[in-house]
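Have a look at the fold first, and then we'll go through it piece by piece.

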Amino acid sequence: RILILDFGSQYTQLIARRVREIGVYCEIHPWDMEDEEIRIFHPHGIILSGGPETVTEGEAPTAPALVFELGVPVLGICYGMQTMAAQLGGKVENADHHEYGYAQVRARGHTRLLKDIEDHTSDEGYGLLDVWMSHGDRVVELPPGFKLMASTDAAPIAGMADDERGYYGLQFHPEVTHTRQGERILRRFIVDICGCEVLWTPDNIVEESIKAVREQVGDAEVLLGLSGGVDSSVVAALLHKAIGEQLTCVFVDTGLLRHQEGDQVMATFAEHMGVRVIRIDAEKRFLDALGSESDPEKKRKIIGNLFVEVFEEEANKLKNAQWLAQGTIYPDVIESAGAKTGKAHLIKSHHNVGGLPEHMKLKLLEPLRELFKDEVRKLGVELGLPYDMVYRHPFPGPGLGVRILGEVKKEYADILRLADHIFIEELRKQDLYDKTSQAFAVFLPVKSVGVTGDGRRYDYVVALRAVETIDFMTARWAHLPYEFLDHVSRRIINEIQGISRVTYDISGKPPATIEWE
Ligand code: XMP
């Protein structure tokens, strides 16, 4: 297992994902992790991440001295390399020339880390690597025992190596896909140099998770709020496999879900897999509670609160439940830890439907809390969930409640469901679904004139929204083909009573958000 010490780089999670993709378990901890904890973790290798600070300024964070006393290999990336150089007796300077973006480094292949790894060969016989660089400071003097491993014109020491101790520093980012040989470099470090075995694979993860759940809950009963989203679906499949009959799922149909979503959840889990799922049809309650409210934040609150209320009513009927399962995943854990200590420089503000109240007195079971989203998906497939369900776009907790602008009415929800369904169906048919990160229709409560045959119609408008994004913090509108948009628009207007016009949203985030409310 690999320990990643986080110095606050935006790429730290990416390092962890790459290590796990290679098949080795790793965890991210803050750079000032206690010695005691490091020993308990028992790493076979340590990676020091990049970070926004500069080593040349007074109070810069450093790696715990223990890191260099354990006798395990250490890889410093960017800031990680600089602090390593400074801590081991080298010298770091503030560079007047900052590098950011693509760079080509001359690699000296006489180190264990980079041997035989190159993208091109230079005229002088050096290996050349195309890499992603981002740094201000640079190492100007190697620490004792190190040799030069890579260089660029702006950073004469872009890589350093001490093969003896297994210490390596890279000024560029091997975790970023722009560094073409990045995966090989990380694999070389983790597997060949640290000697980690490749054991972190979906089937092993399933097996170990099942064992852990069984140990944790024994023969107690577990309750799960199943939403049909990826995380809760994977938890359901996993727990069903681990503890079978001890699991009861509660699925609240708010009436604000997508076309036939409730039926699909029941078909997949209850009918197909044999999971005990209690479906609560609460459409009327949600619509009544929303009443004529049109303020987005108030609508969110109403939906969130009622959701908890309905869930609790049902949960209270299950007298024997001792555990409440939740689909918390690793990024949530890292983010809330970062938020607590104030160490994360970039904190995602996520607006999930409010947590369930503490007075429920249930113990929390979070079987996915060590997993990244892509691992959760692989686990879902491994557990036999349909691919389309596991790779579905995200759907907000308040559902269509925030995709019907202003006042929510059943009539609007019914029309919107049909339009959204046509859009998604066509995206899937034309192989565009996986090329967009999120796509949906929005209901606009305005009427617009249209003509059909001899008659005029005066009907509602829907907007189509499709975006491409990696982190949902920024997004670009998807440049879907005109022919495709034309086809979808025709289908929607011809097939759905009540819509006379379709528009396509061409706003990026920022300044617009992905959802319309
Ligand atoms: P925005 O609209 O803020 O959306 O650009 C970013 C991502 O968050 C989702 N989203 C929500 N998810 N409850 C949720 O669980 C909400 O109230 C909510 N609002 C937005 C949105 O779908 C997108 O994926």
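Start with helix α6 (residues 230-243), which lies across β11, β12 (247-253) and β14 and runs at about 160 degrees to β11. Keep in mind that this is a predicted model, where local features need pLDDT of at least 70, side-chain atom pairs count only at pLDDT 80 or more, and totals for chains, interfaces and linings use all residues. Residues are numbered from 1 along each chain as its sequence is written.

Helices (H or I, at least four residues) and strands (E, at least two) are DSSP runs, numbered from the N terminus. Angles run from 0 to 180 degrees between N-to-C directions, with axes fitted as lines to C-alpha atoms, for helices over the stretch in contact. Contact between two residues means that their C-beta atoms, placed from the backbone, lie within 7 Å.

Helix α9 (residues 296-317) packs on the sheet too, touching β11, β12, β13 and β14, and its direction makes about 145 degrees with that of β12.

Now for the sheet itself: five strands form an open sheet in the order β13-β12-β11-β14-β15, with parallel pairing; strands pair if DSSP finds at least two bridges between them. At the edges stand β13 (277-281) and β15 (363-365), each with a single partner strand, so one side of each is left without a neighbour in the sheet. Strand β11 (residues 221-225) is joined to β14 (residues 321-325) by four bridges, and V222 stands opposite W323 in β14.

Finally, pick out L239: leaving aside its neighbours within four places in sequence, L239 is in contact with V213, V222, L224, L247, A325 and P367.
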